[in-house]
Amino acid sequence: MNDSQHTGLTIAGKTYGSRLLVGSGKYKDLEQTRLATEASGADIITVAIRRVNIGQDPNAPSLLDAVPPSRYTILPNTAGCYNAKDAVYTLQLARELLNGHTLVKLEVLGDEKTLFPNMPETLKAAETLVKDGFDVMVYCSDDPIQAKMLEEIGCCAVMPLASLIGSGMGILNPWNLSLIIDQAKVPVLVDAGVGTASDAAIAMELGCDGVLMNTAIAGAQDPIRMARAMKLAVEAGREAFLSGRIPRKFAASPSSPMAGRIA
Amino acid sequence: MLKAALSSIANSDIRIMIVIELNGESRSVEKDHSVHDLINALSLTNQALAIAVNREVVPRAQWAAYRFSDGDKVDVVRAIGGG
């Protein structure tokens, strides 16, 4: 991985300018969704697939008016699915809904309390979807062995959690993420757990190829400002990663020359 | 009188209704109605939707030709905000 000379993020053969991917859930209204999405600078926006509320005003504005597929790459997810079968079905519907679009986010959850991924079902769904021609970005545990398995199945990006979905607890196990990043030949994105800008920067400094978040922006007091903060944090973290940081050491070393001192 | 009534029945459109399950709720539709007719009836024409019958996606190109059967389980979905 780490096509460090390139500035863009390449997923399934397509290059995107932004390394920040954002969700479209939990906003106050569609206008806030639109403005925050814009401020984030993201190119890829996740959406959920849900049954139409029959009888609801059919002319009410829809999400795809706020984040039009002509401008953004829409990434349908399988949020709320607890088994491989439901996840595959959801993405088959999404592909039809988005006119044959194959880039998807797979997440198969384990339970409602942790929203931790159910990895056996995730692997099963990934296999079916890849065989069916989908480009699968997959939410997974921060377990390097499982991440490798998903890559071998043919997933186009692995997306380990940094901490629980919506928890805002930040990067809890940077060492596991580093193991995954070091071995991966596909992009690695932190998906879930980011709480504030420094979390996103840390993920990028570790060498992640991107960060996907929703609650950290939509749940902030000023989501539009936080969207901008996240954009800057992802850029700053990426630049710092590419710059090659100084090694940590216990001894001090002065920044000013010793020669020519007055004292 | 009776003759007129019979003739009226014969000529009128006697609608044979079937019951499908639409997004988890029962709904009567005319037997010969297509997916396309249902979408029109729901005022959802030209919306970004996908439809599956008995968990098999029905591509938009087949909406006009696809006829429901009694007991079909139909999902009509759209994209909403999500992470």
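A polar contact is a pair of N or O atoms within 3.5 Å; within protein, one atom must be able to donate a hydrogen and the other to accept it, and residues adjacent in sequence count only if both atoms are side-chain atoms. Such a distance occurs at A:Asn77, where a polar atom of the side chain lies 3.1 Å from the backbone nitrogen of A:Ala79. The model is predicted, so that local features need pLDDT of at least 70 and side-chain atom pairs count only at pLDDT 80 or more, while totals for chains, interfaces and linings use all residues. Residues are numbered from 1 along each chain as its sequence is written, chains are lettered from A and ligands numbered from 1 in the order in which they are written, and side-chain values use heavy atoms, with hydrogens and water left out.

**Interface between chain B and chain A**

- Contact, meaning heavy atoms within 4.5 Å, links 27 residues of chain B with 26 residues of chain A.
- The size of an interface is often given as the accessible area lost when the parts come together.
- Buried area is the accessible area (1.4 Å probe) that two parts lose on being put together, summed over both; between chain B and chain A the value is about 2,400 Å², and carbon and sulfur atoms give 59% of it.
- On the chain B side, B:Arg55, B:Arg78 and B:Gly83 lose the most area to chain A, together 26% of what that side buries.
- There are 2 salt bridges between chain B and chain A, a salt bridge being a side-chain nitrogen of Lys or Arg within 4 Å of a carboxyl oxygen of Asp or Glu.
- A salt bridge joins B:Asp75 to A:Arg51, with 2.8 Å between the closest N and O atoms.
- Strand S3 (50-53) and strand S5 (73-81) of chain B are the elements that give two or more residues to the side touching chain A; helices (H or I, at least four residues) and strands (E, at least two) are DSSP runs, numbered from the N terminus.
- The largest share of that side, 7 residues, comes from S5(B).
- By residue class, the side of chain B that touches chain A divides into 15 nonpolar, 7 polar and 5 charged residues; Ala, Val, Leu, Ile, Met, Phe, Trp, Tyr, Cys and Pro count as nonpolar, Asp, Glu, Lys and Arg as charged, and the others, Gly among them, as polar.
- Strand S4 (residues 44-51) of chain A runs antiparallel to S5(B) and is joined to it by 5 bridges; two strands pair if DSSP finds at least two bridges between them.
- Within this pairing, A:Ile49 stands opposite B:Ala79.

- A:Asn77 is found in the loop between strand S5 (73-76) and helix H3 (84-97) of chain A.
- A:Asn77 is buried, with a relative accessible area of 1%; buried means under 20% relative accessible area, exposed over 50%, and partly exposed in between (1.4 Å probe, protein chains only).
- Not counting residues up to four places away in sequence, A:Asn77 touches residues of both chains, among them A:Ile49, A:Glu107, B:Gly82 and B:Gly83.

- Strand S3 (residues 20-23) of chain A pairs with S10(A) in the parallel sense over 3 bridges, and A:Leu20 stands opposite A:Val211.
- Strand S9 (residues 189-191) of chain A also runs parallel to S10(A), joined by 3 bridges, and A:Asp191 has A:Leu212 as its bridge partner.
- In helix H7 (residues 197-206) of chain A the buried residues include A:Ala197, A:Asp199 and A:Met204.
- The buried residues of H7(A) pack against S9, S10 and helix H9 (223-243) of chain A.
- A:Gly207 follows H7(A) and has a positive phi, near 110 degrees.
- A:Gly168 lies in the loop between strand S8 (157-160) and helix H6 (174-183) of chain A and is partly exposed at 35% relative accessibility.

**Overall make-up of chain B**

- Chain B has 2 helices and 5 strands, in the sequence pattern α-β-β-α-β-β-β.
- Of the 83 residues in chain B, 31% are buried.
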